[in-house]
Amino acid sequence: MSDNKDKNWPSWEVFTQVKSGAPHEHAGNVHAPDSELALQNARDVYSRRNEAMSIWVVKSDQITATSPSDSGPFFEPSEDKIYRTPNYYKIKEKVKYESITK
Amino acid sequence: MSPSPNKEALLQYCLYLADNSLILGHRLSEWCGHGPILEEDIALANISLDLIGQSRLFYSYAAEVEGLNKSEDDYAYFRDARQFRNALLCEIPNGHFGTSILRQLLFSQYACLLFEKLSQSTDTKLAAIASKSLKECLYHLRHSSEWTIRLGCGTEESHSKMLEAIEAVWRYHKDLFADDHFEKEMKSSGIAPLSSSLYNEWVEKIKIVFDLASLAFPDQTFNVIGGRDGKHTEHLGYILADMQFVQRAYPGGEW
């Protein structure tokens, strides 16, 4: 395993921006020995038909991510308390701007 | 006011540019499915496609200049080795990855310097093709420079492979700069620079990359030239046999 790790190039996550002002979105990943070659590989793999105008690469192991087992504690609590979202509350007919100012 | 160029000279010059791109593009296409890793396989195929695209533009313009209703295919598939004008560097075998990278570095640096000048040409069509091609070649140069540096400075093995590459490739580099009389005519009509005039800057730029790659700049003085005169290495015939077989066996065949 460790032997394998030494021989394989690290993996890099690729983010591409399709037009100026748009967010960089995750496109996929590439293998590369360093960041410059990761950029080149990303360009060749994810923008060979001119799909991007800017590319970010970041080493995959530099990303801290939630794990599937986190999904309960992380995400579910917000699902069952609908009073947390504004559209839970109905605005009463009476409460209109005019009636308040009168 | 520069004299208008002899049609034959312009035609032959376009064929020289087209043949360089086609033959090197074909060579690189041989890497497809054989790259050292997936990403590099795609990168080499991309460069190959860029070069073949450039050759199509130059062949189309050659056809326009010649005015005999020829197509790109007539030049690519129905000429023999002696009629091909490409520099010898473009046709030498891929060797290992380091050899292909070094060959690409030497060629791309030449192409960048040439197309930079040619994009200012008084011939607007050549200028347009050159400025489009220049962008592609700048990327090829970046790709091959970065790899040369990494292989040169990598491990003992990668360094010695680059020394092998120099051994295999270096003797052909001077052919890129061996002006012929067509090129001299292009120069005197103000259409194109002499390749030889690009040599000093080329050496400077290549030296920078070699320095970064911890590779000694070769002092080898044995050079082979003759591509522009159709005096090719034995390798070109094999490339043409592969590339031209179908069109020669089934002329005009399409799929």
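Mentor: Happy to! Let's start on a helix of chain B: Arg150(B) and Glu146(B) both sit in helix 5 of chain B, four residues apart, about one turn of the helix. Helices (H or I, at least four residues) and strands (E, at least two) are DSSP runs, numbered from the N terminus. These two residues form a salt bridge, with their closest N and O atoms 2.6 Å apart. A salt bridge here is a side-chain nitrogen of Lys or Arg within 4 Å of a carboxyl oxygen of Asp or Glu.

Before going on, please note that this is a predicted model, in which local features need pLDDT of at least 70 and side-chain atom pairs count only at pLDDT 80 or more, while totals for chains, interfaces and linings use all residues. Residues are numbered from 1 along each chain as its sequence is written, chains are lettered from A and ligands numbered from 1 in the order in which they are written, and side-chain values use heavy atoms, leaving out hydrogens and water.

Now back to Arg150(B). Its side chain also meets that of Asp34(A) in a salt bridge (2.4 Å, N to O). Asp34(A), Glu146(B) and Arg150(B) are therefore linked in a network of salt bridges. Arg150(B) is partly exposed, with a relative accessible area of 21%; buried means under 20%, exposed over 50%, and partly exposed in between (1.4 Å probe, protein chains only).

Across the interface of chain A and chain B the rule finds two salt bridges. The interface also has seven residue pairs in polar contact, both residues at pLDDT 80 or more. A polar contact is a pair of N or O atoms within 3.5 Å; within protein, one must be able to donate a hydrogen and the other to accept it, and residues adjacent in sequence count only if both atoms are side-chain atoms.

The size of an interface is often given as the accessible area lost when the parts come together. Here about 1,300 Å² is buried between chain A and chain B, and carbon and sulfur atoms give 53% of that. Buried area is what two parts lose in accessible area (1.4 Å probe) on being put together, summed over both. Gln40(A), Arg43(A) and Asp44(A) supply 36% of the area that chain A buries against chain B, more than any other three residues.

To finish, look at another residue of helix 5 (residues 124–153) of chain B, namely Glu136(B). Glu136(B) is buried, with a relative accessible area of 16%. Not counting residues up to four places away in sequence, Glu136(B) touches Asp50(B) and Gln54(B). Gln54(B) is also among the residues touched by Phe115(B), again leaving out residues up to four places away in sequence.

Key: Contact means heavy atoms within 4.5 Å.
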